[in-house]
Amino acid sequence: MGTVFTRRFEADRIGSQVPIKLMHLEGLYELFVSKFAYTTVDWSMHHFEVHFKMKLTYRTPVYDDEDEFQEPEADITGSSENLESGIHGKSQWDDDSPWSKWYSAEDPVKGFELLAIWAEITAESSLDMAELENASPLEAEKWLLYPCLSSNLVGICDGITIGFASQLRLLIKAFEMSSEAKFIEDFVSGSENLNSSAVVPPPTVLDRVLKDLFHEVTEAQADFSQVEHESSRSIKGAQPESLFAQFCLHALWFGNCSMRAIAVLWIEFVREVRWCWEESQSLPRMPANGTIDLSTCLINQKLHMLAVCIDKKRREAEGQNLGTSDSVNLQTPMNFSASHELSKGFGRKNERNGSAGVAESMMLLKSRKTMHFPMTQDPPPMTEDMHEERLKAAEALGDSFSFSAQLEKDILASDMSAFKAANQDAVFEDFIRWHSPRDWENDDSHEIGVSQTNPMEEVSEVKWPPRGRLSERMSGNGNSWRKIWNEAPPLPVSEQKPLLDPNREGEKVLHYLETLKPQQLLEQMVCTAFRAAADTLNQTPVGQLKQITTKTRQLYATMASMLKYLQSHNMTSDSDVIDDLKRLCSTFEHIEKLILLAASLHRKFVQSPHLGEAIFSDCYDYYLPNMGTGSGLGNNNTKKEFDKKQRVSSRDRNVIVGMFTPPTANQSWRKVLSMGNLLNGHEPILREIVFSKHDRVSESYYASTNPKLSRQDIETYRMYVCGTSNDLRVALAVTSFD
């Protein structure tokens, strides 16, 4: 028969008032030795070889409210516009984050737990244990780290957490309600069912919002290109730093984003815009020049148009000539001779007016004089509804062949008048050779015209007379271009009527803003708010995380797909669209939480970004199925605590040590008794030790007559110790031979 061993177990726990001796490794060692040594032996004078393993758990400090009050005096001069500023002057973890202007987010990483492990140690006396207790955790063989994550990180919280997603949900509710009235004012002074339940912030808050929108704007805030995502333009909203986008972001937090609060804010917003118009003050956060971006929402286009009109109106009042300012387009190759001719031409009277330079390679067909390039007016900016009006007007003329000419009649007539003024002997064919070279068909290649679109081409070879003719499009009977040419008088741009009437167009913009229907306003606000919120989060520094890049790109694609239904003027807020928007809010919340998590880890691991990226990847893989974007884990897994640990290399240990800031006197006054193995003054929150003693069977009373068994080592004693200075649990296992 084989040898039979019997193992018996004992366990005990001290829940409070742990003896000081048992708080230290020396006392625990002697407790274990007492289980197999004679009680009369002086353990400090004898050596007992004991094997043990130790694992210490440390947790990064979390400051409580009392600690916050005791912090050194800080510079509490933050902007009063930030409604979510820190309390009692305490700095928040996200104070310099892109979203900090709008809200203060809960840190998704509450702290870290560090496991310092000594795998196998042999001690022969109490002095060895005392020496180990004074050792630094940096000497441990292995370090493992894992984050303590917020419980709000998983799942949809619906109001529990505050962020862009929670406010966008409120905006969707306001959008549902927007169809209940025809005018914005109805939500302010209409029936009780429209305005009784909504809360409007006091005038001081309203003044603060308007001040931020119109009076505290820096040049950096007007630069849109640096904060847009590459896919942002697929959403018909507005650039994140533009005036309307900032209005939408403020509206998310104004009066809990109720329809009544939005109505109050919009009415005051339009009044402020009208004041800028009447006082010829520049419209903040909007460019006063350039082409209107038709990929943005109509309100943003209108505000851009108004900014242009204000600028032109102000310059007219200052006596500046629009024909010789930045509205003039110099259609000339900027070579030396052209520039020289230009400099001479403005100083004397001659038959040419408004010449911008000489086209050395082109001459007029009849007079054989050198052709001059005219100064022309820039095309007037137009919003998408203006384009639609002009298209309808052109279609009403019924001249499909000359559709393009009719559409741009005013611009074309201006260019023709300027060309005639600069070239008194010009004919229609000369204008075509300059303005539309594709409509002049050369029989040979000896004379090559200079394209209007590429005036920098230089041509040196000229043969006269040129052999060519008008294209079929330009030579047809009743051609609209020739008719306009015959009617156009020779006038330089300085004497022409401006193509843009700033007073008329500015009043049209204000009329649109003041009579905008609530539903049309909310449709554009929803698109713009989603785009601006996403662009704001996209500015968050997260390091080289491919998961965030992929998820952000997917978010923009999802927003563009769902929000396109709001870009139709005939859209109604039916239940299907509302349900889609609510699902979009849930998707937005998932991505927002991931970005906050990535930002928190990126901040904490600036010096070891690879460690932060590894921890984020573990969190991402674990939470992905629970965030509605994957599969593989059931609902039961949401209850499982995240416990994936990352091994910390020796070169990264100092970074982790830096997270354990030395405790203040206020924090450590009660921690007089310590277990040792302090990490920057912090004792472990948990200490686990496994003592063991091995004996060879032949050298103990377990000896057997079996030679094979006599050479075997067995673990005769094993003691597991787990606890802190306030709680101690001990379990003992003894092996015997029966």
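Visitor: Why can strand E4 (residues 142–149) be described as largely enclosed by the rest of the structure?

Guide: Six of the eight residues of E4 are buried, and the strand is therefore largely enclosed by the rest of the structure. The step rests on a cut-off, since a residue is called buried when its relative accessible area is under 20%. Please keep in mind throughout that this is a predicted model.

Visitor: Which strands pair with E4, and in what sense?

Guide: Pairing is read from the bridges between two strands, and at least two bridges are needed before a pair is counted. Strand E3 (residues 109–123) pairs with E4 in the antiparallel sense over eight bridges, and within that pairing valine 109 has leucine 149 of E4 as its bridge partner. E4 is also antiparallel to strand E10 (residues 646–647), here over two bridges, and in this second pairing leucine 144 stands opposite arginine 647 of E10.

Visitor: Where does leucine 153 lie, and is it buried or exposed?

Guide: Leucine 153 belongs to the loop between E4 and helix H4 (164–177), and with a relative accessible area of 6% it is buried. Its C-alpha atom is 9.6 Å from that of leucine 596, although the two residues are 443 residues apart along the chain.

Visitor: What share of the contacts in the protein joins residues 24 or more positions apart?

Guide: Among contacts with a separation of 6 or more, 75% are between residues 24 or more positions apart. The protein exposes about 37,100 Å², of which carbon and sulfur atoms supply 49%.

Visitor: How many residues lie between E6 and E7 in their hairpin?

Guide: Six residues lie between these two strands, and arginine 368, which is in the turn, has a positive phi of about 60°. Strand E6 (residues 355–363) runs antiparallel to E7, with five bridges between them, and glycine 357 finds its bridge partner in phenylalanine 373 of E7. Because seven of the eight residues of E7 (residues 370–377) are buried, that strand is largely enclosed by the rest of the structure.

Visitor: Which residues of helix H15 are buried?

Guide: Helix H15 spans residues 428–435 and is mostly covered, with seven of its eight residues buried. The buried positions are Phe428, Asp430, Phe431, Ile432, Arg433, Trp434 and His435, so a reader can go through the helix residue by residue under the cut-off of 20% relative accessible area.

Visitor: What are the angle and the axis separation for H19 and H21?

Guide: Helix H19 (residues 518–538) packs against helix H21 (residues 575–604) at an angle of about 10°, and their axes are 11 Å apart; the two helices are therefore roughly parallel to each other. Residues on the H19 side of the contact are Val526, Phe530, Ala533, Ala534 and Leu537, while H21 brings Leu581, Leu584, Cys585, Phe588, Glu592 and Ile595. The crossing of H19 and H21 is left-handed.

Visitor: Where is threonine 540, and which residues is it in contact with?

Guide: Threonine 540 sits in the loop between H19 and helix H20 (546–563), where it is buried, with a relative accessible area of 9%. Once its neighbours within four places in sequence are left aside, threonine 540 is in contact with Pro98, Trp99, Ile595 and Ala599.

Visitor: Is valine 577 buried or exposed?

Guide: Valine 577, which lies in helix H21, is buried, with a relative accessible area of 11%. Its C-alpha atom and that of leucine 566 are separated by 8.6 Å, and these residues are 11 residues apart along the chain.

Key
Residues numbered from 1 in each chain as written. Predicted model: local features only at pLDDT ≥ 70, side-chain atom pairs only at ≥ 80, totals over all residues. Heavy atoms only, no water. Buried < 20%, exposed > 50% of the residue type's maximum accessible area, 1.4 Å probe, protein only. Helix = DSSP H or I, 4+ residues; strand = E, 2+ residues; numbered from the N terminus. Contact = heavy atoms within 4.5 Å. Areas by Shrake-Rupley, 256 points an atom, 1.4 Å probe, with all protein chains shown as cover. Axes fitted to C-alpha atoms, helices over the stretch in contact; angles between N-to-C directions. Parallel < 35°, antiparallel > 145°, perpendicular 65-115°, else oblique. Left-handed = near helix turned anticlockwise from the far one by under 90°.
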